[in-house]
Protein chains: 2
Amino acid sequence: MKGFMKAHVFVTLKKTVLDAQGKTVCQALRGLGHSSITEVRQGKYFEIDIADGADPAAVRAEVDLIAREILANPVIEDYRFDIEE
Amino acid sequence: MKGFMKAHVFVTLKKTVLDAQGKTVCQALRGLGHSSITEVRQGKYFEIDIADGADPAAVRAEVDLIAREILANPVIEDYRFDIEE
């Protein structure tokens with residue numbers, strides 16, 4: 001069983017939530033002379049390997065569930081994902 | 001000045017470096033019944049807004065420099081990025 005699917009999940013704070021970490025990175029970059037940077041938002045990134053043999057639609061549904069219920073906090077965070085086959 | 005460019009930077013631990021956080025997430029997911037998950041690697045994700053008017057090639061070079069020298073630790077981390085115009 002060599003083949004497998006890989007999911008990439010991105011979790012970021014909602015636009016309405018203050019991203020202190022991103023703001024700090026932005027100020028640091030501007031302070032270092034990168035004055036064209038206007039905003040930075042920092043998030044989490046997950047690469048998930050999924051065993052082969054699963055139905056792509058079922059994998060998509062499972063990754064969506066995992067992202068929504070486990071990896072992201074939907075009160076303050078948004079998530080998106082893509083699946084690479 | 002409405003238009004701007006957005007860079008997405010992904011920073012992950014090198015494959016040879018133990019990703020304890022990713023392993024923990026993987027075990028948690030498997031423990032919750034997601035038995036098709038074989039591996040999880042966790043990384044950082046940055047969305048960087050860049051003021052309009054810059055030359056795309058210069059922006060690409062600047063983002064590469066920022067990712068390599070500031071956002072990632074090249075001893076233990078890999079990075080990649082894409083630019084959305």
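This is a predicted model: local features need pLDDT of at least 70, side-chain atom pairs count only at pLDDT 80 or more; totals for chains, interfaces and linings use all residues.
Biologist: Good to know. What area is buried between the chains?

Modeller: About 2,800 Å² is buried between chain B and chain A, and carbon and sulfur atoms give 59% of that area. The accessible area lost when parts come together is often how the size of an interface is given.

Biologist: And how many salt bridges are there between chain B and chain A?

Modeller: There are two salt bridges between chain B and chain A. A:Lys15 takes part in a salt bridge with B:Glu47, where the closest N and O atoms are 3.8 Å apart. Side chains of opposite charge can pair when their charged atoms come close.

Biologist: How many residue pairs are in polar contact between the two chains?

Modeller: The count is 16 residue pairs in polar contact between chain B and chain A, both residues being at pLDDT 80 or more.

Biologist: What does β2(B) pair with in chain A?

Modeller: It pairs with strand β2 of chain A, residues 37-51, in the antiparallel sense over 13 bridges. To find a spot on the structure, look for A:Asp49, which stands opposite B:Glu39 in β2(B).

Biologist: Let's stay in β2 of chain A. Where is A:Arg41, and is it buried or exposed?

Modeller: A:Arg41 sits in strand β2 of chain A. It counts as buried because its relative accessibility is 8%, and the cut-off for buried is under 20%.

Biologist: Which backbone oxygens does the side chain of A:Arg41 reach?

Modeller: It reaches the backbone oxygen of A:Leu13 at 3.5 Å and the backbone oxygen of A:Val17 at 3.0 Å. The side chain of A:Arg41 also meets that of A:Glu39 in a salt bridge, 3.7 Å from N to O. A:Glu39 counts as partly exposed, at 32% relative accessibility.

Biologist: Which residues is A:Arg41 in contact with, leaving aside its neighbours in sequence?

Modeller: Leaving aside neighbours within four places in sequence, A:Arg41 is in contact with residues including A:Lys14, A:Asp19 and A:Gly22 in chain A, and B:Tyr45, B:Phe46 and B:Glu47 in chain B.

Biologist: What about B:Arg41, which residue does it form a salt bridge with?

Modeller: B:Arg41 forms a salt bridge with B:Glu39, and the closest N and O atoms are 3.7 Å apart. B:Arg41 is buried, with a relative accessible area of 8%, while B:Glu39 is partly exposed at 31%.

Biologist: Changing topic: how many salt bridges are there over all chains?

Modeller: The count comes to 14 salt bridges over all chains. One of them joins the side chains of A:Lys14 and A:Asp78, at 3.5 Å from N to O. This pair links distant parts of the chain, 64 residues apart: A:Lys14 is in the loop between β1 (4-13) and α1 (20-31) of chain A, and A:Asp78 is in strand β3 of chain A.

Biologist: Which residues are linked in a network of salt bridges?

Modeller: A:Lys6, A:Glu47, A:Asp49 and B:Lys15 are linked in that way.

Biologist: Why is β1(A) called largely enclosed?

Modeller: Nine of its 10 residues are buried, so β1(A) is largely enclosed by the rest of the structure. It pairs with β2(A) in the antiparallel sense over nine bridges, and A:Met5 has A:Ile50 as its bridge partner in β2(A). β1(A) also pairs with β3(A), in the antiparallel sense over eight bridges, and there A:Leu13 stands opposite A:Glu77.

Methods
Residues are numbered from 1 along each chain as its sequence is written. Chains are lettered from A and ligands numbered from 1 in the order in which they are written. Side-chain values use heavy atoms; hydrogens and water are left out. Buried area is the accessible area (1.4 Å probe) that two parts lose on being put together, summed over both. A salt bridge is a side-chain nitrogen of Lys or Arg within 4 Å of a carboxyl oxygen of Asp or Glu. A polar contact is a pair of N or O atoms within 3.5 Å; within protein, one must be able to donate a hydrogen and the other to accept it, and residues adjacent in sequence count only if both atoms are side-chain atoms. Two strands pair if DSSP finds at least two bridges between them. Helices (H or I, at least four residues) and strands (E, at least two) are DSSP runs, numbered from the N terminus. Buried means under 20% relative accessible area, exposed over 50%, partly exposed in between (1.4 Å probe, protein chains only). Contact means heavy atoms within 4.5 Å.
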